[in-house]
Amino acid sequence: MIDSHCHLNFHAFENDYDDVIKRAHESGVHTIINTGTQVSSSAWAVDLAEKYENLYAVIGIHPHHADKVETDWVEQLETLAQHPKVIGIGECGMDFYNYQSNGIVDPSLQKDIFIKQLELAYKLKLPLQIHSRNEEARKEVIKILKSHKHLLLDVPGMFHCMAGSKESLQEALDLGFYVGFDGNSMYEGLPPDEPLELKELVQYTPVDRIVIETDSPYLTPLPHRGKRNEPGNAIIVAQFVADIKKVSLEKLIEQTDKNVYNIFTKIKRKDKNYD
């Protein structure tokens, strides 16, 4: 199966990423998408994709880093995007959650950086990985996407780590986006600053619009919560989603992998005929 969003390009994996990739393969995760959050981590994602056949890179600026970019950051991303294994732009969007380590970046700056990435993705004809933490931020993201529909591809991309209201979910689906679910879908109770339990959103989302992700090293699924997350745990998330959707694990993986291939058309397809 495919882990559609993780961060082996973060320092948490700098000493053992090779072992982590091997464990993922042994668990049945044959393809891993590493996502950048700034130019440096995006470059690292490209380096890993160069080194490993089953790794791909999504490059971009996380809203947390919207106030830390260099003046030529767009040009730097565009240069990185020339690598054939760069398959998307992200994770980009808006984030109004007040993290102790970062606070909230000026929303007007977040918006400017987000729109510039929409423009870059359209120019390069690459799909998006959207970050939208906090329901108010998600509403703003959707508002921006609606006002810039002319910049969206026929399959515009995916909302990473989907959360929020049923209404926001439906608006994302109506815009053509797929949605990613992670290990935190298994956690009990409401996510911080969100209106619905994630398992309810899983229930509401059609299987043909779901992708599975880990967001490693974060959002570790049960029963391993509290430990570093790894791409191999995508199987655990897939089983949880399959149980909610009342389909077999095999069918769930077949469909969600197909969905990833529909979004990221540059990925080399494995095994099955998904046409």
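Buried means under 20% relative accessible area, exposed means over 50%, and partly exposed lies in between (1.4 Å probe, protein chains only). This is a predicted model, in which local features need pLDDT of at least 70, side-chain atom pairs count only at pLDDT 80 or more, and totals for chains, interfaces and linings use all residues. Residues are numbered from 1 along each chain as its sequence is written, and side-chain values use heavy atoms, without hydrogens and water. A search of the whole structure finds four aromatic pairs. Rings of Phe, Tyr and Trp (its six-membered ring) pair if their centres lie within 6.5 Å; planes under 30 degrees apart are stacked, over 60 edge-to-face, and the rest tilted.

**Phe-10 and Tyr-218**
- The ring centres are 6.2 Å apart and the planes stand at 70 degrees, so this pair is edge-to-face.
- Phe-10 is in the loop between strand S1 (2–6) and helix H1 (17–27), and Tyr-218 is in the loop between strand S8 (210–212) and helix H8 (234–245), so the pair ties together parts 208 residues apart in sequence.
- Helices (H or I, at least four residues) and strands (E, at least two) are DSSP runs, numbered from the N terminus.
- Phe-10 is buried at 15% relative accessibility.
- Tyr-218 is partly exposed at 42%.

**Phe-159 and Phe-177**
- Their centres are 5.1 Å apart and their planes at 90 degrees, so this pair is edge-to-face.
- Phe-159 is buried at 0% relative accessibility.
- Phe-177 is buried, with a relative accessible area of 0%.

**Charges over rings**
- The charged end of Lys-85 sits over the ring of Tyr-56, 4.8 Å from its centre (cut-offs: NZ of Lys or CZ of Arg within 6 Å of the ring centre and within 35 degrees of the ring normal).
- Arg-133 lies over the face of Tyr-97, 3.7 Å from the ring centre.
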